[in-house]
Amino acid sequence: MESIKLFRGYGKVNPHLEDQSPHQQHSASKRRILIFSVSSILLLTLIIGIALATLIHESNSEPDESPYLSSSNPAESIKTVCDVTLYPSSCFTSISSLNISTKPDPEVIFKLSLQVSIAELKNLSSLLSSFNDVNSQAALKDCVSQFDDSLSKLNDSLSAMEVGPGEKMLNLEKVNDIRTWISAAMTDQDTCMDGLEEMGSKFLDEIKAKIERSKEFLSISLAIIAKMQALLEKFDLKMH
């Protein structure tokens, strides 16, 4: 008899479960499925929320990948243009010190560099005119004459860049002319130095230092105008 009782009790895990009706068992199963489904939905919602938050944070943290520069930041614009020259520090300092009333795109920055070059050349010409040296007086006069001619052409370049609202300051013809005139001005300074050395001017060292300074600023202007097409493209601009 004991063996029969043991056999009948085998496999009964929850005796109360057997007492439940099929309808009650079905309802309990549905509740368990519902609880599992709600939990799954909440977990999935949480995962999606975390993923979206991460994407938004990364999007806000990424820098602007635009290939073009904006002229709304004067310092950044000037630095970009000056970096194409042999003297970026002198270029940036001299142009930044000027009164910049407009957004400086490459054409505006070149025009400012040309104003600096003209001012330096004027100072050099005035200095040479003030010297009185019998041995090199003829050479000094030649220098002043050459520099005055260079100034005239560089001032013509500035005048040619005076255009109406919305018009471009430069075109290919103007660029070629200005490059020629700046190069000629630098050549004139070399010729001046050769003449003063030949005459043994007593002001040679002082003049040489001033000429080197003037040539530095002319070199800056020449580098900018020579790279104008590429610089304009960096600012999403075109030359007409």
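# Helix packing and salt bridges in an all-helix chain

Helices H7 and H8 run roughly antiparallel to each other (an angle over 145 degrees; under 35 would be roughly parallel, 65 to 115 roughly perpendicular and the rest oblique). This is a predicted model, in which local features need pLDDT of at least 70 and side-chain atom pairs count only at pLDDT 80 or more, while totals for chains, interfaces and linings use all residues. Residues are numbered from 1 along each chain as its sequence is written, and side-chain values use heavy atoms, with hydrogens and water left out.

**Overall architecture**

- The chain contains 10 helices and 0 strands, where helices (H or I, at least four residues) and strands (E, at least two) are DSSP runs numbered from the N terminus.
- Along the sequence, the pattern reads α-α-α-α-α-α-α-α-α-α.
- Of its 240 residues, 32% count as buried; buried means under 20% relative accessible area, exposed over 50%, and partly exposed in between (1.4 Å probe, protein chains only).
- Among contacts (heavy atoms within 4.5 Å) between residues at least 6 apart in sequence, 73% join residues at least 24 apart.

**Packing of H7 against H8**

- Two packed helices are described by the angle between their axes and the distance between the axes.
- The axes of H7 and H8 cross at roughly 165° and come within 9 Å; axes are lines fitted to C-alpha atoms, for helices over the stretch in contact, and angles run from 0 to 180 degrees between N-to-C directions.
- The crossing of H7 past H8 is left-handed, a term used if the near helix is turned anticlockwise from the far one by less than a right angle, with right-handed used if clockwise.
- On the H7 side, the residues that meet H8 include Leu140, Cys143, Phe147, Ser150, Leu154 and Ser157; on the H8 side, Ile178, Trp181, Ile182, Ala185 and Leu196 are among those that meet H7.
- By class, this contact of H7 with H8 has 13 nonpolar, 6 polar and 3 charged residues; Ala, Val, Leu, Ile, Met, Phe, Trp, Tyr, Cys and Pro count as nonpolar, Asp, Glu, Lys and Arg as charged, and the others, Gly among them, as polar.

**Packing of H6 against H7**

- The axes of H6 and H7 lie 9 Å apart, and the two helices pack at an angle of about 160°.
- That angle makes H6 roughly antiparallel to H7.
- H6 passes H7 in a left-handed crossing.
- From H6, the contact includes Lys111, Leu114, Ile118, Leu121 and Leu128; from H7, it includes Leu140, Val144, Phe147, Leu151 and Leu158.
- The contact of H6 with H7 has 12 nonpolar, 6 polar and 3 charged residues by class.

**Buried positions**

- Ile178 is found in helix H8 and is buried, with a relative accessible area of 2%.
- Beyond its neighbours within four places in sequence, Ile178 is in contact with Phe110, Ser157, Met161, Leu170 and Ile225.
- Ile178 and Ser157 are 21 residues apart in sequence, and their C-alpha atoms are 6.2 Å apart in space.
- In helix H4 (residues 74-82), the residues Ser77, Ile78, Thr80, Val81 and Cys82 are buried.
- The buried residues of H4 pack against helix H5 (88-96), H6, H9 and helix H10 (228-234).

**Salt bridges**

- Side chains of opposite charge can pair when their charged atoms come close.
- The whole structure holds 5 salt bridges, each being a side-chain nitrogen of Lys or Arg within 4 Å of a carboxyl oxygen of Asp or Glu.
- Glu162 forms a salt bridge with Lys111, with the closest N and O atoms 2.6 Å apart.
- Glu162 lies in the loop between helix H7 (137-160) and helix H8 (172-199), and Lys111 lies in helix H6 (residues 106-130), so this pair ties together parts that are 51 residues apart in sequence.
- Glu162 counts as exposed at 53% relative accessibility, whereas Lys111 counts as buried at 13%.
- Glu120 and Arg213 meet through their side chains in a salt bridge (3.1 Å, N to O).
- Glu120 lies in helix H6 and Arg213 in helix H9 (residues 204-226), so this pair ties together parts that are 93 residues apart in sequence.
- Glu120 counts as buried at 14% relative accessibility, and Arg213 is partly exposed, with a relative accessible area of 43%.
- A salt bridge also joins the side chains of Lys79 and Asp83 (3.1 Å, N to O).
- Lys79 counts as partly exposed at 47% relative accessibility, and Asp83 counts as partly exposed at 43%.
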